[in-house]
Amino acid sequence: MSLDQRTSTFTGSLILPGSDDFEDARLHHGQPGDPAAVARVANTGDVVAAIAAARAEDLPVAVRGGGHSMWESVPGALVIDLHALHEVEVDGAPSTSDGTRIVHIGGGATWGQVAAELGTHGLAISSGDTRSVGVGGLTLGAGIGWVVRGWGLALDQLVGVQLVTADGEVLEVTAASHPDLFWGLRGGGGNLGVATRFDFRAHPLAGVVHASITLDGANGLPPLVRAFRDIMRRAPRELNASLVRTPAMGPEMPSRLVVEAAWAGTDEAAAGAAFAPLLALPQVAPAEVAPAAYVDLLQEPPTPPPGMQLPTIVDENGWFESLDDDVIDALLAAADAAGAQMFLVRWLGGAFGDVDSDATAIAFRNAEAFIVTAAFVPPGAPDGEAKRMKDALSPFVHHALGTYGNFTNSVAPGLSERMYPPKTLARLRALKREWDPDNTFSRNHSVVPVS
């Protein structure tokens, strides 16, 4: 029986090589993949049928939520495209006295869509930084958003998931119905099934105050990172901030060294007081401080045109428990040695650290900062250049508590050992054995089922 015959009951569509829509359907992050087929599902029943067809044909499975991932495509795979499942439904009344409300979001929605819709209700969920990032991939992996210090990770705001398992079972997963599985979904990536709907507790938020502070790096980055650390260690949890250095990407996008900060609320006086220490940092241009809608904090990086030869990205990241001076010096020296011009420090603490380390599969709740750096190997670079850069970034591995999967493009074997402490990984592997013993969902940061 052929793949299209196995999916003959689809409400959506199965797009095969050679069909009119295939060239568009096989794009991922703007680049052409080489899948066996793309299943554009229209409902949960289509997802069940797609998984069954892939297993019957012994095809790898890749799941496309927002399509933001740079490593989604698997040659010869069946891509399950969830884009049509993008509904955002807000319950009619606050769920508790704090004004939070339950929101139901389809597994194919993007955070730009969600933030825009929730904004019309005076609500927000602390999500990702980019409009096109999918709700599913970001939430299952953690989700560090612009109110992480006030509300925690995206997964900390999650109260339920509709999940299609490898066996085709459709489950409504909550802390009450499937406590172990719900634990694993919050941080275990896409290892345990296809999430077709997410239920979140959204928070009342009338708006934010945003500050963009362009820094003077004439005296080097180390003193600025130290000053940023000292300020944020004393900051109220309503203040969220990142310090970021970006490389030049053409004449219209020069390199930048900037602090981006957001105050969760519309009180401009309180925001101004919180911003004041950051505004005292050396600057090369007047800071931009203004009220904004939460959705306006979400940016959209340019998507490379199809077929463009992209540089190889060599990156490292980590959760850091204590960003002491020697750690800062070691990380920046490593970035310089690798030629890594992209360097980002996202401050954590607050509600992120209020969560017990074993409450979700994201265990490094004692981290005070998340840091990522990246170098770019241009086409035609000498053989071995990428390895040289990666080796130069080894201090990140040495000093970090662990690696954050949502900022890691690699799917190399053994990566899960860096993403999870041993106790957490053992629990995930046991769940994998229970819910996906054949590792059907392995095109991710794969957790191998325990034998």
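The lining of the second largest pocket comprises seven nonpolar, seven polar and three charged residues, where Ala, Val, Leu, Ile, Met, Phe, Trp, Tyr, Cys and Pro count as nonpolar, Asp, Glu, Lys and Arg as charged, and the others, Gly among them, as polar. The model is predicted, with local features requiring pLDDT of at least 70 and side-chain atom pairs counted only at pLDDT 80 or more, while totals for chains, interfaces and linings use all residues. Residues are numbered from 1 along each chain as its sequence is written, and side-chain values use heavy atoms, with hydrogens and water left out.

The second largest pocket holds about 200 Å³ of space. Of its 17 lining residues, Pro 413, Gly 414, Ser 416, Ser 446 and Val 448 are the closest to the centre. A pocket is here an open set of points on a 1 Å grid over the protein atoms alone, where a 1.4 Å probe fits, with protein on both sides within 12 Å along at least five of seven lines; lining residues have an atom within 4 Å of a point. Grid points are joined across faces, edges and corners, and the volume is the space filled by probe spheres set on the points. Helix 14 (415-419) and helix 15 (422-435) each contribute at least two lining residues, and helix 14 gives the largest share, three residues. Helices (H or I, at least four residues) and strands (E, at least two) are DSSP runs numbered from the N terminus. Ser 416 belongs to helix 14 and is buried, at 8% relative accessible area; buried means under 20% (1.4 Å probe, protein chains only). Apart from neighbours within four places in sequence, Ser 416 is in contact (heavy atoms within 4.5 Å) with Leu 425 and Ser 446.

Strand 12 (residues 194-204) is largely enclosed by the rest of the structure, because nine of its eleven residues are buried. Strand 12 runs antiparallel to strand 8 (residues 101-106), with six bridges, and Val 103 stands opposite Phe 200. Pairing requires at least two bridges found by DSSP between two strands. Strand 10 (residues 158-164) is likewise joined to strand 12 by six bridges in the antiparallel sense, with Leu 163 partnered by Ala 195. Two bridges join strand 9 (residues 123-124) to strand 12, also antiparallel, and Ala 124 has His 203 as its bridge partner.

Strand 6 (residues 78-81) is covered on both faces, with Leu 78 and Ile 80 buried on one side and Val 79 and Asp 81 buried on the other. In a regular strand the side chains alternate between the two faces of the sheet. Asp 81 is the bridge partner of Arg 40 and stands opposite Arg 64.

The largest nonpolar core contains 49 residues, with Trp 111 and Tyr 294 making the most contacts inside it. A second, separate core of 46 residues includes Ala 211, Phe 343, Trp 347 and Ile 371. Such a core is a set of buried Ala, Val, Leu, Ile, Met, Phe, Trp, Tyr and Cys residues joined through side-chain atoms within 4.5 Å.

Ala 369 lies in strand 19 (residues 369-377) and is buried, at 0% relative accessibility. Leaving aside neighbours within four places in sequence, the contacts of Ala 369 include Trp 319, Phe 320 and Trp 347. Ala 369 and Arg 229 are 140 residues apart in sequence, and their C-alpha atoms are 8.8 Å apart.

Terms used:
Buried < 20%, exposed > 50% of the residue type's maximum accessible area, 1.4 Å probe, protein only.
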